[in-house]
2 protein chains.
Amino acid sequence: MPFDEIDKRRTERMSLTIGVDVGGTKIAAGAVTPDGEVVERLRRQTPDDVAGVDSTIVDVVRDLTQRHEVKAVGIGAAGWISADRATVIFAPNLDWRDTALRDLVERQIGIPVIVENDANAAAWGEFRFGAGADADDLLLVTVGTGVGGGVVVDGQLMRGAFGVAGEIGHFRVVPGGHECGCGRFGCFEQYASGTALVRAARERASVDAAAGPLLEVAGGEPDKITGPMITRLANSGDPMCIDLLGDLGTWLGEGIASLAAILDPGVVALGGGVSEAGELLMGRAERAFEAALPGSEYRPHLQMRLATLGNEAGLIGAADLARDVRR
Amino acid sequence: MPFDEIDKRRTERMSLTIGVDVGGTKIAAGAVTPDGEVVERLRRQTPDDVAGVDSTIVDVVRDLTQRHEVKAVGIGAAGWISADRATVIFAPNLDWRDTALRDLVERQIGIPVIVENDANAAAWGEFRFGAGADADDLLLVTVGTGVGGGVVVDGQLMRGAFGVAGEIGHFRVVPGGHECGCGRFGCFEQYASGTALVRAARERASVDAAAGPLLEVAGGEPDKITGPMITRLANSGDPMCIDLLGDLGTWLGEGIASLAAILDPGVVALGGGVSEAGELLMGRAERAFEAALPGSEYRPHLQMRLATLGNEAGLIGAADLARDVRR
């Protein structure tokens, strides 16, 4: 190997950062290159207690730093993060409450750390290396159990005055609508999430003869119906499941039309588990978007795309955000 | 006068810019200092024909440049403006369609020109010199015939990928709701504007005995009821008019809660004609906001304020935006 090639590889090793994605069920970590490539990945169960979560984060980072020279760590966490990216203000599924996570981890590993909301981190990942790599403005909409998202405006992650921007699952789409986990009613995620899809499927399964194939897959019990069952059947041509995904796509497209009126993104990326339904969902979402976009005839239209980084978007985005840390 | 004082004044004159606010009924222009002070103002009727509008803009600018040394001109126009701030893509109340307004005016006056959406310009004005002068992130909500607005994120005006961000009057708040001028249904401005206020008042005037005082002011004809009548009566204690403004405030606060979930501004400024109802409107808007904000208990709250620049916000903001022009 020529010397300059060795130098190059050394430089690349030097400029790795670690991304950690802390979810309610798993903690994923990876060492990531400046090009967004994950050179090693680790995955652990999320412990039930918050002390266990903190020490697991430290453990996976230490593990990776044994084999990689790393300059910074980005932690994407499902919760509200303070504007200075230091503190978890509140996490709905973990017991962090005004937890100074950045300093807590930094003290133990001796490398600069930033904390970011997981959906924001994912939006940044898709913006830098995924569906929005060619755009200046991106809206990521992740459709899973809930609806999450993140917004990139003119090349900058929109964090908001308090660090809690981009909670697109919780703008209200139906006054007095379905109750939401956030304590309010009629939030977007109550109509455009996997949870909404399953709720609609279970309701129809009890009353609609067309639900036969879906009920059969669920062993005859409406309560056993899951999102992946619906997606699978829809992809194999089941009319009711296609219809259910279509309804979800319609809500999704109409909600995105509202978001486009406010944010005017160039690209909307659809991610999350439900996006695995692919074109079946996106085709309907696009049509509903076109029909619902205010002043549609008189303005340029955004591009709707599937997200490309899958469930590594948050990890990759967090690692990349950590790259700019200056403290 | 000492020489350094003369020099100072000369420098101040040198650094004036002109702001022009082009509305459906009037064209207002002013020469503006770097501190946002309007040193001279002109006002003309908006001509019916688009050629007349263009030449009136040129006229007022020429008029001001005869008495002031001006380095750039910012035009705020009620329409969709391209991302490069050169072209009016579409204006609902004026006949501009893909009109290269910037070049058209620049050619005739020989000074750099930028064009901006009027509500964006107003948001920038309030951010720089008004209700948001102490903030990094501002949402301006103007409540007049419709609902307009603009968004400043981390010190930057959010223009969007195509220049049409901040159309907050047109996110959907009621599926299948009132028809909107934009061609869609259920837009925010159909529930939180002066038009909505008057519609509700006229409806109640026909059926509600409490409408007596309002009907009297309107000469007994529900169709003659106007927004200022309602505001005036409410301010003098009329229960039904207080109630009508309260309903408007509730829609407004609930809509702002949705916008806060998405944008997380530090300050929301309420402007436009209806905001002259002052605390009567804002008190209810604030209470509705608190009640509707998702996860309200677990996050820092924005401040809601009345806008302070009145109907000069657009002119002042456009003048200030022109200050940074580099071409």
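How many salt bridges does the count come to over all chains? In this predicted model, the count comes to 32 salt bridges over all chains. The close-up views below show some of them.

**View 1. Salt bridge between Arg102(A) and Asp103(A).** The closest N and O atoms of Arg102(A) and Asp103(A) lie 3.1 Å apart. Arg102(A) has a relative accessible area of 14% and is therefore buried, the cut-off for buried being under 20%. Asp103(A), at 30% relative accessibility, counts as partly exposed.

**View 2. Salt bridge between Arg67(B) and Glu40(B).** The closest N and O atoms of this pair are 2.6 Å apart. Arg67(B) counts as partly exposed because its relative accessibility is 39%. Glu40(B) counts as buried because its relative accessibility is 18%.

**View 3. Salt bridge between Glu116(B) and Arg159(B).** The two side chains meet at an N to O distance of 2.7 Å. Distant parts of the chain are linked here as well: Glu116(B) is in strand β8 (residues 113-117) of chain B, whereas Arg159(B) is in the loop between β11 (156-157) and α5 (189-192) of chain B, and the two are 43 residues apart. Both Glu116(B) and Arg159(B) are buried.

**View 4. Salt-bridge network in chain A.** Glu40(A), Arg44(A), Asp63(A) and Arg67(A) are joined into one network by salt bridges that share partners.

Key:
Residues numbered from 1 in each chain as written. Chains lettered and ligands numbered in written order. Predicted model: local features only at pLDDT ≥ 70, side-chain atom pairs only at ≥ 80, totals over all residues. Heavy atoms only, no water. Salt bridge = Lys/Arg side-chain N within 4 Å of Asp/Glu carboxyl O. Buried < 20%, exposed > 50% of the residue type's maximum accessible area, 1.4 Å probe, protein only. Helix = DSSP H or I, 4+ residues; strand = E, 2+ residues; numbered from the N terminus.
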